[in-house]
Amino acid sequence: MTHDDLGTGPAATALHEMVVARETGDWTKAHAAAKAMTSQPITADPASANLYRGAPAVAYILHTAGHWAYARALTDLNAETVAIVAHRLDAAQRRMDKGLPPRLREYDLISGLTGLGAYLLHCELDQALATVLQYLVRLLTEPLVVDGHQVPGWWAATSPSDAPDAGEFTHGHANFGLAHGVAGPLALLALARRAGHTVAGQDDAIAAGITHLTTWAQPLEGGGTGWPECLPLDAYRQGPQPDAAPTRASWCYGTPGIARALQLAALALNDNNARRLAEHTALQAVTDPRQTGQITDTSLCHGWAGLLLTTERIVADAARPDLREALPALRDHLIAETESHPAPEHTGLLTGAPGVLLTLHTLTTARPVDPEWETCLLLTP
């Protein structure tokens with residue numbers, strides 16, 4: 001664990017303290033957390049730095065703070081982040097030109113260019129953001145051939161753990177989730193468009209993402225609709241299946257996170273059919289005990305905090321009122337689980353206490369909290 005790790009390390013504590021300080025005006029704990037976060041060297045190595053680790057992660061946190069004391073450090077961190085993006089894009093373009101499939105860490109939210117693009121959107125580094133959006137357009141619109149079969153350009157060359165696999169995932173896999181799969185690039189393209197950041201082909205790429213997710217909204221065994229988390233080549237070639245098994249309702253891989261990405265894309269293109277599908281499927285997921293029953297902790301990544309926050313953001317943009325009626329039960333679940341179980345041992349945003357505390361603070365304070373910090377989850381701009 002490193003001090004500059006937002007996802008699983010203590011940098012998440014700094015993010016939490018920054019958000020609280022912006023509301024209270026007391027920066028004592030926030031400044032102390034920032035000092036602890038930067039007490040060790042911050043990595044700017046393009047091979048390991050991303051939205052959740054290193055210079056981009058620290059920049060994200062300090063930008064969210066919006067405090068004058070961090071302006072000089074932020075200027076340097078932004079320059080390092082833009083350089084990281086350029087290095088990563090150069091490697092990705094060379095891979096694309098060869099017609100090879102990417103690793104998840106090339107493009108995903110947690111480790112890849114989608115996450116870096118989310119930061120560029122967050123702090124309005126427009127020129128660098130445009131290059132990432134252009135890359136994502138290619139990713140969603142230029143298909144690949146794997147083992148003689150056409151697959152989408154975001155087809156991962158590796159297993160879901162992003163490692164080579166000699167078994168089920170010998171030929172890679174299709175990943176649908178918001179944290180690691182196609183839902184991430186789609187959400188970023190849509191959020192950027194809504195914020196006025198566009199590049200050539202962006203609408204075509206969003207439309208391609210909508211088509212893919214609407215096609216793969218599978219009927220679930222016992223009723224309802226949902227998306228697969230990831231599929232090897234043979235299963236992908238068979239197409240959507242009836243009576244699919246319900247998956248865990250979560251932000252990271254589950255139907256709620258994917259539904260939010262589809263909803264954002266539908267809103268960007270005024271696609272009412274896709275919007276209805278996204279909101280209907282989200283409602284089914286959060287009220288289906290087979291899906292919510294698979295939740296085992298309070299975390300943002302795959303626990304009650306992530307499910308509640310994702311659903312809150314879907315509800316904020318939803319056309320159907322019955323989605324809002326599902327929120328009290330989700331809030332009760334999170335609060336009950338938080339009170340009856342010890343806080344997660346991890347210190348990170350995704351699986352630790354800071355993510356849960358941020359969610360509770362954001363959704364229960366008397367005054368609305370600026371949702372800027374949620375850009376790292378691709379739930380809001």
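Visitor: Is Asp243 buried or exposed?
Guide: At 53% relative accessibility, Asp243 counts as exposed, where exposed means over 50% relative accessible area, buried under 20% and partly exposed in between, worked out with a 1.4 Å probe on protein chains only. This is a predicted model, in which local features need pLDDT of at least 70 and side-chain atom pairs count only at pLDDT 80 or more, while totals for chains, interfaces and linings use all residues. Residues are numbered from 1 along each chain as its sequence is written, and side-chain values use heavy atoms, with hydrogens and water left out.

Visitor: Where is Asp243, and what is its phi?
Guide: Asp243 sits in the loop between H10 and H11, these being DSSP runs numbered from the N terminus, with helices (H or I) of at least four residues and strands (E) of at least two. Its phi is positive, about 60°, although Asp243 is not a glycine.

Visitor: Which residue that follows H11 has a positive phi?
Guide: That is Asn270, which follows H11 and has a phi near 55°.

Visitor: And how far apart are the end C-alpha atoms of H11?
Guide: They are 21 Å apart, which agrees with the 21 Å that the 15 residues of H11 (residues 255-269) should span at 1.5 Å a residue, because the expected span is 1.5 Å times one less than the number of residues. As 14 of those 15 residues are buried, H11 is largely enclosed by the rest of the structure.

Visitor: Changing topic, where does Glu124 lie?
Guide: Glu124 is in the loop between H6 and helix H7 (126-141), with a positive phi near 60°, and it is exposed, at a relative accessible area of 58%.

Visitor: Which residues of H4 and H6 meet?
Guide: On the H4 side they are Leu74, Asn78, Thr81, Ile84, Val85, Arg88, Leu89 and Ala92, and on the H6 side Leu113, Leu116, Tyr119 and Leu120, where contact means heavy atoms within 4.5 Å.

Visitor: At what angle do H4 and H6 pack?
Guide: Helix H4 (residues 71-97) and helix H6 (residues 113-122) pack at about 145°, with their axes 11 Å apart. The axes are lines fitted to C-alpha atoms, for helices over the stretch in contact, and angles run from 0 to 180 degrees between N-to-C directions.

Visitor: How many aromatic pairs does the structure hold?
Guide: It holds 5, a pair being rings of Phe, Tyr or Trp (its six-membered ring) whose centres lie within 6.5 Å, with planes under 30 degrees apart called stacked, over 60 edge-to-face and the rest tilted. Trp216 and Tyr236 form a stacked pair, 5.3 Å centre to centre with 15° between the planes.

Visitor: What does that pair tie together?
Guide: Trp216 lies in the loop between helix H9 (202-215) and strand E4 (218-219) and Tyr236 in helix H10 (residues 233-238), so the pair ties together parts that are 20 residues apart in sequence. Trp216 is buried at 4% relative accessibility, and Tyr236 is buried too, at 13%. Ring pairs also link Trp154, Trp155, Phe176, Trp216 and Tyr236 into a cluster.

Visitor: What about Gly153, buried or exposed?
Guide: Gly153 counts as buried, at 5% relative accessibility, and it is placed in the loop between strand E2 (149-151) and strand E3 (173-175). Leaving aside residues up to four places away in sequence, Gly153 touches Arg95, Pro102, Leu139, Glu142, Pro143 and Leu144.
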